[in-house]
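Me: Please take a close look at one part of this model, a pair of packed helices. Then move on to what lies elsewhere in the chain.

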Amino acid sequence: MDVIYLDNNATTRPLPGVVEAVAEANESLWANPSSVHRFGQAVRQRLELARAATAGLIGARPRELVFTSGGTESAALAIEGLMEARSSAGRITLLTTGTEHAAVRELADRIDGEGERGRRVVRLEAGAGGVVEVGRLREALEASRGVVVVSLMWANNETGAVTPMAAVAAAVAEAREVGREVWLHTDATQAVGKLPVDVRTAGVDLLSFAAHKFHGPKGVGGLWLRRGVRVKPVQVGGPQETERRGGTENVPGIIGTGVAAEAAAEFVADPRKIAALAALRDRLEARVQAGLAEVGLPAAVVNGGDGERLWNTTNLGFRGLEAEAILLGLSERGVCASAGAACSSGSLEPSPVLMAMGVGEAVAHGSVRFSLSRFTTADEMDRASAVLVEVVARLSRVLPV
């Protein structure tokens, strides 16, 4: 069966060049890059070339980039590491939202239980599109005392809603002007490699991402830290990664990440390519809505569709249906999609992100995410939309909406 893969926010297919680079590293570059012999130093050179290529994707200096095991670890190192580094300052507040990825959302839940350590969490209410309203952020910054760590995702992994990072950074800068100690972290896992991201102008202090979201290998992530930002290592055990993360580096994965980063940099530099793919996302939505109307069914709800979105993401809600049933029907016809974050697969509960956005349970239970890649075609969009309409129509006959 010809598979139509529309679950690219969960992971992307590694580029052929990435697969080749990883294989070469496993076969020929297997020495430890921390070893002083020539073989080890030859591996170190390739690793640092990959670091430079990856840093170039986000406009960073190579030494500002720490490689990790993925976006989840990068976010933990940013937030937990920063809080630990500033623990002597006394009270520390984490400002975040309920629409973050579980990597941040669940970390916030854990920190919230550590009030005796002088830590607290303030969850900002998200707007209808699932992103924070900057006015609420300003109010929270004004009300906070002590050290404040702000962690807001650049682009939502379930709806594609894009946070106005320039406005967020401006609010943080205003707080600093009146003497507040505020640090800004962004989980840019869904943005890096899909949108132009330049840390030199973004106004953030820490930025986390993962290679497998832009056609790189799994098991590699990155944390960029603005020069002068200190974090205490979360994973100890050696001097690797400028003593910010212990453990022998994942050399094959890092070299593959460098290849993927070079290709992604070329893609995000061409707004015409991004616009063309956004049009494919819109094509899917339009054909689904037209198909539902033809069979007399109500329109799908486009969750988070009121503001700016990633070009590759749509989250469609079908009132009264169950996402699991829709996904099974799609899978039987060769269409791969998701009910939300991949780490929540198998859950019968509605997405906590959609619930935090204010989406009603009847819609949240029946919401399915479709996420494109740079290689998705118009033909795939047309076939996927037709299959989706057929599946929803069949389920609606069994469970009338």
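Reply: A crossing is left-handed if the near helix is turned anticlockwise from the far one by less than a right angle, and right-handed if clockwise. The crossing of α10 and α14 is right-handed. This is a predicted model, where local features need pLDDT of at least 70, side-chain atom pairs count only at pLDDT 80 or more, and totals for chains, interfaces and linings use all residues. Residues are numbered from 1 along each chain as its sequence is written, and side-chain values use heavy atoms, without hydrogens and water.

Helices (H or I, at least four residues) and strands (E, at least two) are DSSP runs, numbered from the N terminus. α10 covers residues 271-294 and α14 residues 378-398. Their axes lie 9 Å apart, at about 30 degrees. Axes are lines fitted to C-alpha atoms, for helices over the stretch in contact, and angles run from 0 to 180 degrees between N-to-C directions. The two helices are therefore roughly parallel (angles under 35 degrees; over 145 is roughly antiparallel, 65 to 115 roughly perpendicular, the rest oblique). Contact means heavy atoms within 4.5 Å. On the α10 side, the meeting residues include Leu280, Leu284 and Val288. Those of α14 include Met381, Leu388 and Val392.

Next, Leu195. It sits in the loop between β6 (181-187) and α7 (199-202). At 14% relative accessibility, Leu195 is buried (under 20% relative accessible area; exposed is over 50%, partly exposed in between; 1.4 Å probe, protein chains only). Beyond its neighbours within four places in sequence, Leu195 contacts Trp154, Val162, Val268, Leu310 and Trp311. Ala155 is 40 residues from Leu195 in sequence, yet their C-alpha atoms are 9.6 Å apart.
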